[in-house]
Amino acid sequence: MQRVLPIILILLLLPIHVSIISKVTEGKKLLPKGEGTSYVLPPPILKIMALEFDGLASDFLFLQGLVFFGSTSERKERPRLKEWEWRWFYNILNASTGLDPYFFDPYYVAQAHLTWEGNMPRETNTLLEKGSRYRDWEWMLPFYIGFNHFYFLQENEKAAFYLMDASKRQGAPSLLPQLAARLMYKANRTENAIIFLQEMIKRTDDDALKKMYETRLNALKGILFLERATAVYQDRFGRRPERLDDMITKNVIREIPKDPYGGEFYIDKDGTIKTTSELR
Amino acid sequence: MTAIWAIAVITFKEGIRNRAIYGISIFALLLLGANLLISSMIMQEVGKVAVDMALSTVSFAGLLLVLFVGINLMAKDLDKKTIYMVLSRPISRPQYILGKFFGMALLILATISILSIFAIISIFMVKLSYPGYFSRFSWPPILLAISFITISLILLSALTFLFASFSSTSFITLILTIVSYIIGQSIMDVKALVEAPQAVGIQVSPVTVKVVQAAYYIFPNLSIFDIKLQAAHGLPISLSYIFWAVSYGAVYTCLTIILASIIFRRREFP
């Protein structure tokens, strides 16, 4: 009896343990969380707490941000992330690069997500400028900063400045100075953006990111196509089309390209081509 | 000299036989295995993360070795009163301390060498799986970083002898060593923070600044030997820095051991 009893107890308790574990994890998920706080400890404090493991702490902060961001991909609601969540994501990337300013991945992820979806091009540029200062051999970072100035902030002169900075660094593609020169003319905005994006795709080998950039590229190509068509329309009829359908009825184009983001292209009041999805 | 050497060899053997050393090694091996897993989650700088993981593991395992094996080596003699047997022989107390210290240094050297081989294998395996993501990677800074870790551990173990020379139990030695380690690793960052507190928007009293500045001179500045970040990114480390860092380590270690033997000589045993 004395030998059998512990075994019976263990056999009895094991299934109970397994069932409790799922219950308690479910319960833990339902506990009220500190939602709405984007606070991450400031980098100087984190640096002290990390002791000699600055680099490792930086890696883990980055992974923490990345895992969080990846986990939101299943969310149904739009926009996918709330305002404070973007802020937290930015803060954690900032903390990660505060511990190790040479770490490239946080900058790379910031450029891929914070600008387009997160709508934080200025913050992203602050981050990237830190990276560009430390990683002074890397042309991608000033290239990204230039793109953000050009595309999101519409500061073409600054964009050209950063592109020239990038072109002086090792391994930079030879088209950068030309691109910088082109930016000085305010026209051809979409076309320039396409050149930028094509260069980014060339340097991206992560499949998910590549796909994301390619979707953007296709959307921009659609816009470029429609912009050119409106120019043709204006040539032919002496005025701008009021709606995109006008161009089909007047046989300028056969069909309106599809927005890969699921929105619909339209002509804005100022005559520019936009889409209801806002490219997000 | 032969007496010192004899004690060193005994200490080394005693350390190697300690069970804790197996635990530490298994723990380190697990972490190095995790290196493969964590590196696979990184998009661009896989090499940097692999080196971070490997070097941090070596350093952390070394720290555990000093704290849980090293301290026991002398504390056991004191706690179990076996020190009477040693001191009744024609060995002076400073010789005893020196011998113990050299034995411990040998133990650190041996353990770190073995762990480094595994660390290098783990980096090598990650490099084999993701060869395209090691753009700024080179081996010499990594080996240098490992040597610096060793120096810093030897310095820390010298401190444990200093604390053991006057504290009554090994627990106090352990606490004092941990505190000095934490202070030593962070003192430079803390000093930078209290001297420019506006960076994080806090206020620091002038007394605190003075205390931190005093601590800066008293406690060992272990962050000098932390070049893991530079090694991970393949950043240049000047020869003069290596020279000054090694000199700093040697001088501080000598001072600590000399102080330990002075205190230990005056110590009275019940």
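Entry 1: Buried stands for under 20% relative accessible area, exposed for over 50%, and partly exposed for in between (1.4 Å probe, protein chains only). Helices here are DSSP runs (H or I, at least four residues), numbered from the N terminus.

**Entry 2: the basis.** The model is predicted, so I note that local features need pLDDT of at least 70 and side-chain atom pairs pLDDT 80 or more, whereas totals for chains, interfaces and linings use all residues. Residues are numbered from 1 along each chain as its sequence is written, chains are lettered from A and ligands numbered from 1 in the order written, and side-chain values use heavy atoms, without hydrogens and water.

**Entry 3: A:Leu93.** Leaving aside neighbours within four places in sequence, I found A:Leu93 in contact (heavy atoms within 4.5 Å) with A:Phe62, A:Pro106, A:Val109, A:Ala110, A:Leu114 and A:Leu127.

**Entry 4: H3 and H4 of chain A.** I then examined helix H3 (residues 54-71) and helix H4 (residues 83-99) of chain A, which pack at about 160° with axes 8 Å apart. Axes are lines fitted to C-alpha atoms over the stretch in contact, and angles run from 0 to 180 degrees between N-to-C directions. H3(A) and H4(A) are therefore roughly antiparallel, a term for angles over 145 degrees. Among the residues that meet are A:Phe62 in H3(A) and A:Leu93 in H4(A).

**Entry 5: A:Glu85.** A:Glu85 lies in helix H4 of chain A. I found A:Glu85 buried, because its relative accessible area is 4%. Not counting residues up to four places away in sequence, A:Glu85 touches A:Phe68, A:Arg75 and A:Arg80.

**Entry 6: between the chains.** The axes of H3(A) and H3(B) come within 9 Å and cross at roughly 130°. That makes H3(A) oblique to H3(B), oblique being the rest once under 35 (roughly parallel), over 145 and 65 to 115 degrees (roughly perpendicular) are set aside. The residues in contact include A:Asp59 of H3(A) and B:Lys48 of H3(B).

Note on methods:
Helices (H or I, at least four residues) and strands (E, at least two) are DSSP runs, numbered from the N terminus.
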